[in-house]
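I opened the two-chain file to look up folds, pairings and contacts. My notes follow in the order of the look-ups.

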Amino acid sequence: MDVQEAVAEGTASVENGEVKRDGRKQFSMGAGDILEGKLIYDGSLHADGRVEGEVRVSGNIDVASGANVKALLEGANVTLKGTVEGQVTAHDKLTLGKNARLSGDIVVRRLQIDDGATLNGHVRMGDVEHQASGQ
Amino acid sequence: MSTKRPGSRPPTPIPAGNGSNGQRNSVVLGPRDRLVGQLYIEGNLRVSGTVDGELEATGDIEIAGGGKVSGAVTAYERLVVGSQASLIGGNVRVARLTVEDGATFTGKVTMGKPAIEPPKPPEPERQPLPAAVVVAEPVKPIEQKVAPVQRKVAPIRQKVAPVQQKGKRR
């Protein structure tokens with residue numbers, strides 16, 4: 001996936017360092033960072049702090065335990081440890097950690113929910129089409 | 001439909017099934033077992049067979065092995081979907097949820113303990129107390145009599161034996 005559009009309005013400081021992990025770019029946020037808007041990114045995202053809007057990445061998304069996310073999330077593997085409100089699409093696997101709280105519909109190929117996680121929403125499994133990207 | 005709602009059917013105060021004290025009733029559907037319809041269990045349920053219908057349990061529900069469930073699932077406590085199991089297409093209402101990697105899981109999930117917790121039977125303290133006060137004049141003996149009554153009332157809801165014993169005494 002190419003980078004088509006990236007709008008990252010950092011009210012605080014958004015660290016967009018070109019951190020590379022496994023040869024891929026990683027967009028890494030800290031606990032005090034805020035991302036509002038739409039991010040389309042060729043790489044992985046480590047989300048912390050506050051995220052609002054829409055995030056589509058070609059790599060993985062992991063949401064830290066203290067993070068507060070109100071956004072549409074789309075990625076290959078999505079791992080949630082914090083609070084997320086919004087639709088989540090995982091082209092491969094979605095993992096809800098034991099402290100994760102997710103309110104929103106899910107489209108995934110594989111799903112793992114750890115004991116202690118909270119989920120409210122529809123779950124659809126199977127091969128993920130790129131239906132989300134058209135919306 | 002009316003048989004399924006937690007509100008419409010408060011759990012019986014007497015534990016069903018096995019007589020061992022304090023142990024929860026447990027029902028198992030084996031790999032070759034098949035259920036079509038509705039099932040309500042006061043206790044735990046373990047499914048490794050095939051279920052086409054609605055399941056409700058006051059305890060835990062585990063869909064294990066190659067178990068396949070199509071339909072609504074309500075567990076007042078915990079639902080576990082094993083790595084080779086599948087749960088498809090139903091409304092899922094649970095307090096706690098574990099889905100193991102590899103499981104097939106589709107449907108609408110509603111979590112939150114207050115929404116699911118079975119309503120306690122609206123049995124306020126039985127009130128022979130005012131009557132006893134009226135009948136018996138001395139105060140101190142009454143208090144001594146009253147206190148044991150209250151202590152006996154509570155266990156009655158949980159165990160069968162005390163109920164019968166008390167009936168004999170009366």
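I began with burial in chain B: of its 170 residues, 24% count as buried. I used the rule that a residue is buried if 20 or more other C-beta atoms lie within 10 Å of its own, exposed if 12 or fewer, and partly exposed in between, with C-beta atoms placed from the backbone. For chain A, 38% of the 135 residues count as buried.

Before going on I noted the conventions. The model is predicted, and local features need pLDDT of at least 70, side-chain atom pairs count only at pLDDT 80 or more, while totals for chains, interfaces and linings use all residues. Residues are numbered from 1 along each chain as its sequence is written, and chains are lettered from A and ligands numbered from 1 in the order in which they are written.

Next I looked up secondary structure, where helices (H or I, at least four residues) and strands (E, at least two) are DSSP runs numbered from the N terminus. Chain B has 4 helices and 9 strands, in the sequence order β-β-β-β-β-β-β-β-β-α-α-α-α. Chain A has 0 helices and 12 strands.

I then checked sequence separation in the contacts, a contact being two residues with C-beta atoms, placed from the backbone, within 7 Å. In chain B, 16% of the contacts between residues at least 6 apart in sequence join residues at least 24 apart. In chain A, 13% of the contacts with a separation of 6 or more are between residues 24 or more positions apart.

Glu54(A) in S5(A) stands opposite Lys38(A), and its bridge partner in S7(A) is Leu72(A).

I stayed on S5(A), residues 50-57, to look up Arg56(A), which is found there. Why does Arg56(A) count as buried? Arg56(A) counts as buried because it has 21 C-beta neighbours inside 10 Å.

I moved to the interface, where 15 residues of chain A are in contact with 15 residues of chain B. On the chain A side, strand S11 (106-113) and strand S12 (118-125) are the elements that give two or more residues. S12(A) gives the most, with 8 residues. By class, this side has 6 nonpolar, 5 polar and 4 charged residues; Ala, Val, Leu, Ile, Met, Phe, Trp, Tyr, Cys and Pro count as nonpolar, Asp, Glu, Lys and Arg as charged, and the others, Gly among them, as polar.

S12(A) also pairs with strand S9 (residues 104-111) of chain B, in the antiparallel sense over 3 bridges. Gly121(A) has Val109(B) as its bridge partner in S9(B).

Of its 58 residues, Leu79(B), Val81(B) and Leu97(B) touch the most other members. Strand S7 (residues 73-81) of chain B gives the largest share, 6 residues. Not counting residues up to four places away in sequence, Leu97(B) touches Ile113(A), Ala117(A), Leu119(A), Leu79(B), Val109(B) and Met111(B).

Terms used:
Two strands pair if DSSP finds at least two bridges between them. A nonpolar core is a set of buried Ala, Val, Leu, Ile, Met, Phe, Trp, Tyr and Cys residues joined through C-beta atoms within 7 Å.
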